[in-house]
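Visitor: I'd like to go through this one with you and ask where the labels come from. Shall we take a look?

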Amino acid sequence: MFICAFRRIFVVMKTKLLIFSLFLLLPTQLCAGNEQGVSSPTEGVIHADFLGEQQMQQRCLAMLSRFMTYAKSIYTDAGKDKQGNNCGYFKARSAGQSNEDGVRTNADMAMVTAFMWKYGKDHQVSLPEGITYDDLQRMASRALNYALATHRSNQLLTCTDKKWWGTKDKYYQWESSLWSLSVALAAHFLDKTDGREGQLLRQLLTAEADYELTRKIPTEYIGDTKAEENGWEANVLACAYALMPQHAHAQSWHDAMLRFAFNCYTVAADANNQTPVAGRKACEWYAGQNLYDDYTLQNHNYFHTSYQNVVIQELVESMLALRLLGAQPTEISKDVQTAFTWHWQEVWDEVLAPLALCDGELAMPNGNDWSMFLYDQLPAYAAMATVMRNADALMLENMALKYTEARQQTTADGAWMLNADIGPRRMGVTAHRVMMTYLMHQLYPTGTLTPTAWADFQRRQAATKLWKSQNIVRSMSKDRFVCFSWSEGLKNVNCLMVPNLPDKNKIVIPYKKGVGGNLIGHPAGFRLSGKPQFELKKNTWKASGQLRKGNDVMTFCVTDCGKNKVQLDFSGADATVGMLAISTDPFTKTQRTLYYEGGTTTTDGQQTCRFSSQWVNIDNQIGIVCLTPGNEMSFGGRKEVNSIYTSLLYPAAANVAANKGTIVYFVNQTAEQTRQMCRKLCK
């Protein structure tokens with residue numbers, strides 16, 4: 001206790017400069033001890049100090065260097081191809097196979113390893129013990145050989161499942177153009193775009209790009225957008241055009257590239273838009289709608305912020321490929337850039353910025369269906385900061401990069417996270433994003449651009465915002481971020497409430513289960529009934545709706561009361577009502593302290609604890625008051641949820657006899673404040 005108190009006093013008394021300097025040198029040493037002496041890497045991340053451009057790039061290289069330990073651990077040799085060239089691959093769960101898991105993992109890892117061989121060596125970056133730059137060159141070269149040899153256009157070796165991968169002629173493999181970008185850049189970083197490898201690469205890119213000339217550009221905006229798919233189709237066209245500008249099909253590839261790029265973030269109004277874009281009117285490029293009219297996007301049948309932002313990453317990667325693979329790299333013309341950045345600003349202003357959290361994460365109003373706290377928006381922030389010179393994005397990029405690094409600190413082998421949902425493929429994708437962040441700052445430097453202060457950003461985003469197309473409402477004050485969602489696609493209703501403190505806003509996590517999730521609970525057998533109702537004020541809102549199971553009806557009303565308070569009124573609920581999903585994970589905090597009437601419990605949630613109380617407080621941060629007397633609460637059920645260990649708090653576990661009630665939630669509130677508030681509210 002004395003040591004923990006001393007650390008807190010130390011952090012307060014030292015200057016910001018000293019804190020930042022220590023964080024740069026020893027990122028894992030800044031983890032301030034919590035009340036039980038349990039620390040997490042997130043507790044050392046501070047918001048006020050920002051990395052300069054060179055520092056950001058150095059940080060990217062250092063992170064990728066640590067990652068090389070993991071990379072080496074999943075590499076294996078794979079014999080020789082028909083021409084006698086040594087091959088190898090980076091093992092996914094589908095090790096060396098022709099599917100997305102096998103090919104994408106190997107292509108991304110080959111690219112990132114080749115990148116580190118080139119840029120790490122140039123900048124004299126130290127590698128982990130037991131790894132040399134010769135190792136990186138050998139692994140990357142053999143993995144590149146494997147990717148080239150096993151492509152359908154070359155057929156020098158089959159994948160481990162006795163098949164080839166990729167698109168050629170009338171045979172189309174979904175997403176293969178995305179993997180081809182990584183293969184092309186791996187060859188570039190290894191200086192192998194000429195000679196034998198260069199010939200095989202050109203055959204690969206020609207086959208992939210020529211197929212795109214035969215396609216009708218896909219569009220869809222309800223449930224399954226084609227925005228991200230069009231983004232990755234532009235990737236391979238950019239690679240082919242940049243590497244083979246004299247090819248007979250080069251101009252056709254260029255035109256198709258612009259058409260795919262333009263038709264990512266398209267809305268219905270573009271059908272009549274007269275704005276000049278790359279020598280034509282916008283309406284002449286338009287193939288169909290991929291976004292709702294309010295610029296929101298759906299994929300996997302619901303509003304998904306990961307897919308909302310990844311399109312920007314894909315499009316900027318095409319811009320990078322044009323410059324890196326071109327024989328004489330030059331700036332991309334303004335007309336071409338306009339096609340690639342079509343509606344970026346609107347998507348940023350109307351969707352991404354309003355959902356940005358103080359740690360750089362993007363809120364997931366409908367929950368998440370893959371690894372949580374990925375900070376996968378890092379390269380989208382980098383693109384907005386570098387290409388669009390957006391100061392808000394530069395601030396958020398700084399935070400996302402720091403937390404990506406903090407999560408890497410939870411592993412001993414440089415992997416980006418514990419318990420990744422798709423294993424090595426997730427590692428390759430994350431490394432890909434860190435690498436691209438570096439390259440964006442290399443080719444589109446921010447120079448003198450100054451990042452926004454979080455407080456200024458928060459004030460500009462404070463107004464209540466409703467996305468009617470998605471039935472999502474959100475508000476933000478200096479204390480907290482709150483959003484409510486009613487998803488027709490998922491048949492789910494949910495709420496998220498987090499403090500606006502970078503190391504505290506991961507206590508409550510996005511969580512869905514069945515028809516409900518946070519606040520609503522997960523009543524078995526219920527379904528959505530009717531439509532939600534919204535009442536909006538400038539900085540607050542109220543959302544209400546019904547769930548139904550036969551003749552049984554559950555009604556609820558969630559009210560953002562302003563400042564740090566959210567209220568849930570309900571009837572017809574079961575014992576899960578009012579639930580909050582709490583992270584109990586090495587990345588955030590493995591143990592939580594629960595304060596309640598008559599006691600205190602510190603637990604990792606593996607064993608369920610029950611206690612009689614009308615109030616509970618988590619870590620002197622999140623307060624909950626249940627207004628019904630004689631209430632029993634419970635906490636536990638720890639399990640892995642989307643790569644994060646999570647425990648569930650049920651604040652009304654024995655409060656359903658009355659069949660109705662009120663639960664009030666507070667953020668940035670101590671246990672004593674919660675106790676006093678309970679006395680006030682329960683009079």
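This is a predicted model: local features need pLDDT of at least 70, side-chain atom pairs count only at pLDDT 80 or more; totals for chains, interfaces and linings use all residues.

Visitor: How do you know that β13 and β14 pair?

Guide: Two strands count as paired if DSSP finds at least two bridges between them, and β13 and β14 (residues 541-549) have seven, in the antiparallel sense.

Guide: Residues are numbered from 1 along each chain as its sequence is written, and side-chain values use heavy atoms, with hydrogens and water left out.

Visitor: Why does Pro499 count as buried?

Guide: Buried means under 20% relative accessible area, exposed over 50%, partly exposed in between (1.4 Å probe, protein chains only). Pro499 comes out at 0%, so it is buried. Pro499 sits in strand β10, and its contacts (heavy atoms within 4.5 Å) include Cys358, Ile622 and Asn668. Asn668 is 169 residues away in sequence, yet the C-alpha atoms are 6.5 Å apart.

Visitor: And Lys162, buried or exposed?

Guide: Lys162 has 67% relative accessible area, so it is exposed. Lys162 lies in the loop between α5 and α6 and has a positive phi of about 65° although it is not a glycine. Most residues other than glycine have a negative phi. His343 also has a positive phi, about 65°, but at 7% relative accessibility His343 is buried.

Visitor: What makes Phe67 and Tyr70 a stacked pair?

Guide: Rings of Phe, Tyr and Trp (its six-membered ring) pair if their centres lie within 6.5 Å; planes under 30 degrees apart are stacked, over 60 edge-to-face, and the rest tilted. Phe67 and Tyr70 have 5.6 Å between centres and 25° between planes, so they pass as stacked. Both residues lie in helix α3, three residues apart, about one turn.

Visitor: Then why is the pair of Phe115 and Tyr438 called edge-to-face?

Guide: Their centres are 5.4 Å apart, and the 75° between the planes is over 60, so edge-to-face it is. That pair links distant parts of the chain, with Phe115 in helix α4 and Tyr438 in helix α16.

Visitor: What is the largest nonpolar core, and which residues touch the most other members?

Guide: A nonpolar core is a set of buried Ala, Val, Leu, Ile, Met, Phe, Trp, Tyr and Cys residues joined through side-chain atoms within 4.5 Å. The largest has 217 residues, and Phe115, Leu205, Leu439 and Val558 touch the most other members. Helix α11 gives the most to this core, 12 residues.

Visitor: How do you know that Arg280 lies over Trp285?

Guide: The test asks for NZ of Lys or CZ of Arg within 6 Å of the ring centre and within 35 degrees of the ring normal. Arg280 lies over the face of Trp285 at 4.2 Å from the ring centre, and Lys402 sits over Phe50 at 5.9 Å.

Methods. Helices (H or I, at least four residues) and strands (E, at least two) are DSSP runs, numbered from the N terminus. Lists of a residue's contacts leave out its neighbours within four places in sequence.
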